[in-house]
Amino acid sequence: MSSPVSQESTRRRLTQQQAETVSRLTDAAVDVLNAEGFDGLTVRSVAKIAGVAPATAYTYFSSKSHLVAEVFWRRLSAGVHEPDPAGTPAERVAQVLREVALVVAGEGQLGGAVTVALLGADPDVEHLRVRIGAFIRRRLAAALEEDPENPGPLLDALEMIYSGGLVYAGMGHMTYEQTSERLVAAAHLLMEK
């Protein structure tokens, strides 16, 4: 059975068969990224690996950046859980930041590709970028027991820390595992003040 995220598309709601096609495309995108890197990735090459006609692939994804952003969205929504209510606010924030940073850990070239893709100007990517940011904000707000619609300065600072950390890791300056621990340490510093 598919999750709601797998049946949701930037462009439209998907039938079960369409969701399976999109899933094959996103899985194939990771394979192509690991073999060819972001520069070598094309929607056509992904379609070929997925066994889908290029025209069909383009009905779901407007660009390679859109495809990579969708991969990240799916991994993020599946891998970043509601904070454990039994933990302290610092423990809950650490859980969220760790999970956000580790979504692409060990995924070869996916992390760097996500950084490039999310910084693009494609309107479909912009839609996902907003969705991704709102999702992470909601998780951090839940960890802090704040209203995500009316964030306080701590939530704003945590958003700046994680976004900067992920860009830094995506540029290859450190691993996502190292980034995870540095994000948690930075959050603890902020929350102790």
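A: Domain bounds come from an automatic or database domain assignment. On that basis, the chain of this predicted model is divided into domain 1 (1–61) and domain 2 (63–192).

Q: How far apart do the C-alpha centres of domain 1 and domain 2 lie, and how many residues are in contact between domain 1 and domain 2?

A: The two C-alpha centres are separated by 23 Å. Across the boundary, 22 residues of domain 1 touch 23 residues of domain 2, where contact is counted for heavy atoms within 4.5 Å.

Q: Which residues have the most contacts inside the largest nonpolar core?

A: They are Leu25, Val68, Leu76 and Leu140, in a core of 57 residues. Both domain 1 (1–61) and domain 2 (63–192) contribute residues, and therefore this core lies between them.

Q: With which residues is Leu25 in contact, leaving aside its neighbours within four places in sequence?

A: With those neighbours left aside, the contacts of Leu25 are Val46, Ala47, Ala50, Val52, Ala57, Tyr60, Phe61 and Leu67.

Q: What does the UniProt record list for this chain?

A: An unreviewed UniProt entry lists "domain: HTH tetR-type" for residues 19–79. Such annotations may be inferred rather than shown by experiment. In the model, residues 19–79 are 87% helix and 0% strand, with the end C-alpha atoms 19 Å apart. The unreviewed entry also carries the annotation "DNA-binding region", covering residues 42–61. That span is 75% helix and 0% strand, and its end C-alpha atoms lie 11 Å apart.

Q: Why is helix H6 described as largely enclosed by the rest of the structure?

A: A residue counts as buried when its relative accessible area is under 20%. Seven of the nine residues of H6 are buried, so the helix is largely enclosed by the rest of the structure. The buried residues are Leu110, Gly111, Ala113, Val114, Thr115, Ala117 and Leu118. Their cover includes helix H1 (16–40), helix H4 (64–79), H7, H8 and H9.

Q: How is empty space in a model found, and how much space lies in the largest pocket?

A: Rolling a probe the size of a water molecule over the atoms shows where empty space is left. Here the largest pocket holds about 350 Å³ of space. Its lining has 16 residues, and those nearest the centre are Leu118, Tyr162, Ser163, Leu166 and Val167. Helix H6 (110–118), helix H7 (123–144) and helix H8 (153–170) each supply at least two residues of that lining.

Q: Is Ser180 buried or exposed, and how does Ala186 read?

A: Ser180 lies in helix H9 (residues 176–192). With a relative accessible area of 1%, Ser180 is buried. Apart from its neighbours within four places in sequence, Ser180 is in contact with Arg98, Ala101 and Leu102. Ala186 also has its place in helix H9, but Ala186 is partly exposed, at 24% relative accessible area. Although Ala186 and Tyr162 are 24 residues apart in sequence, their C-alpha atoms are 9.4 Å apart in space.

Q: Where is Glu145 found, and what is its phi value?

A: Glu145 is in the loop between H7 and H8. Its phi is near 60°, a positive value in a residue other than glycine. Exposed means over 50% relative accessible area, and Glu145, at 64% relative accessibility, therefore counts as exposed.

Note on methods: Residues are numbered from 1 along each chain as its sequence is written. This is a predicted model: local features need pLDDT of at least 70, side-chain atom pairs count only at pLDDT 80 or more; totals for chains, interfaces and linings use all residues. Side-chain values use heavy atoms; hydrogens and water are left out. Helices (H or I, at least four residues) and strands (E, at least two) are DSSP runs, numbered from the N terminus. A nonpolar core is a set of buried Ala, Val, Leu, Ile, Met, Phe, Trp, Tyr and Cys residues joined through side-chain atoms within 4.5 Å. Buried means under 20% relative accessible area, exposed over 50%, partly exposed in between (1.4 Å probe, protein chains only). On a 1 Å grid over the protein atoms alone, a cavity is a set of points where a 1.4 Å probe fits but cannot get out, and a pocket is an open set with protein on both sides within 12 Å along at least five of seven lines; lining residues have an atom within 4 Å of a point. Grid points are joined across faces, edges and corners, and a volume is the space filled by probe spheres set on the points.
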